[in-house]
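Q: Hi! I'm new to this one and would like a quick tour. Could you start with how aromatic rings get paired up?

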Amino acid sequence: MRRTSVGLLFVLALLAGGGGFLLDHLLTAAGRVTFTPSLLLPVLLLLIGAASLGVAWPVRRSVRSGIRIDPFRALRAATLARASSLLGAIMAGFGAGLLVFLLSRPVVPQVGSTVAMLALIGSAIVLVIAALVAEQFCTLP
């Protein structure tokens, strides 16, 4: 299994950013309110990052100490880490697209929606970093 490339993460973030911008544009064109993510979403992303690190930590210990571990457990940890990094890139791009649309409007946005989007972007970046570290834990020396 190859490691997650940074280029793929940037491409996913750009595509999701365009999707977030387009979603808000279509909602506004239809006369509806713009999409604002829940404040629980950043908390969920941080929990996923912690879970990814928690699952990968025993794999790192076994690699360092030389104690044999179930290879399927290591594969599941690496797969979770890869999926988490992809999800984090997508959510960071989506939140950035929403924020760019919101800030490009002539009307000053509400503080609550701006804070929610900034929290989404920040927690998604933390998720990507945690997932890449967890993926590093699962590689053999």
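A: Rings of Phe, Tyr and Trp (its six-membered ring) pair if their centres lie within 6.5 Å; planes under 30 degrees apart count as stacked, over 60 as edge-to-face and the rest as tilted. One note before we go on: this is a predicted model, where local features need pLDDT of at least 70 and side-chain atom pairs count only at pLDDT 80 or more, while totals for chains, interfaces and linings use all residues. Residues are numbered from 1 along each chain as its sequence is written, and side-chain values use heavy atoms, leaving out hydrogens and water.

Q: Got it. How many aromatic pairs does a search of the whole structure find?

A: Three aromatic pairs turn up. One of them joins F21 and F101: the ring centres are 5.3 Å apart and the planes sit at 80°, so the pair is edge-to-face.

Q: Where do F21 and F101 sit in the chain?

A: F21 is in helix α1 (residues 6-29) and F101 in helix α3, 80 residues apart. Helices here are DSSP runs of H or I, at least four residues long, numbered from the N terminus.

Q: Is F101 buried or exposed?

A: F101 is buried, with a relative accessible area of 3%. F21 counts as partly exposed, at 34%. Buried means under 20% relative accessible area, exposed over 50%, and partly exposed in between (1.4 Å probe, protein chains only).

Q: And what about W57 and F137?

A: Their ring centres are 5.5 Å apart with planes at 70°, so that pair is edge-to-face. W57 lies in helix α2 and F137 in helix α4, so the pair ties together parts 80 residues apart in sequence. W57 is partly exposed at 40%, whereas F137 counts as buried at 17%.

Q: Changing topic: which residues make up the largest nonpolar core?

A: Nine residues: A56, V59, A74, A77, A78, A81, A134, F137 and C138. A nonpolar core is a set of buried Ala, Val, Leu, Ile, Met, Phe, Trp, Tyr and Cys residues joined through side-chain atoms within 4.5 Å.

Q: Which helix gives the largest share of this core?

A: That's α3, with four residues.

Q: Last one: what does the side chain of S65 reach?

A: It reaches the backbone oxygen of R61 at 2.9 Å. The place of S65 is in helix α2 (residues 40-65), and S65 is partly exposed, with a relative accessible area of 45%.

Terms used: Helices (H or I, at least four residues) and strands (E, at least two) are DSSP runs, numbered from the N terminus. A polar contact is a pair of N or O atoms within 3.5 Å; within protein, one must be able to donate a hydrogen and the other to accept it, and residues adjacent in sequence count only if both atoms are side-chain atoms.
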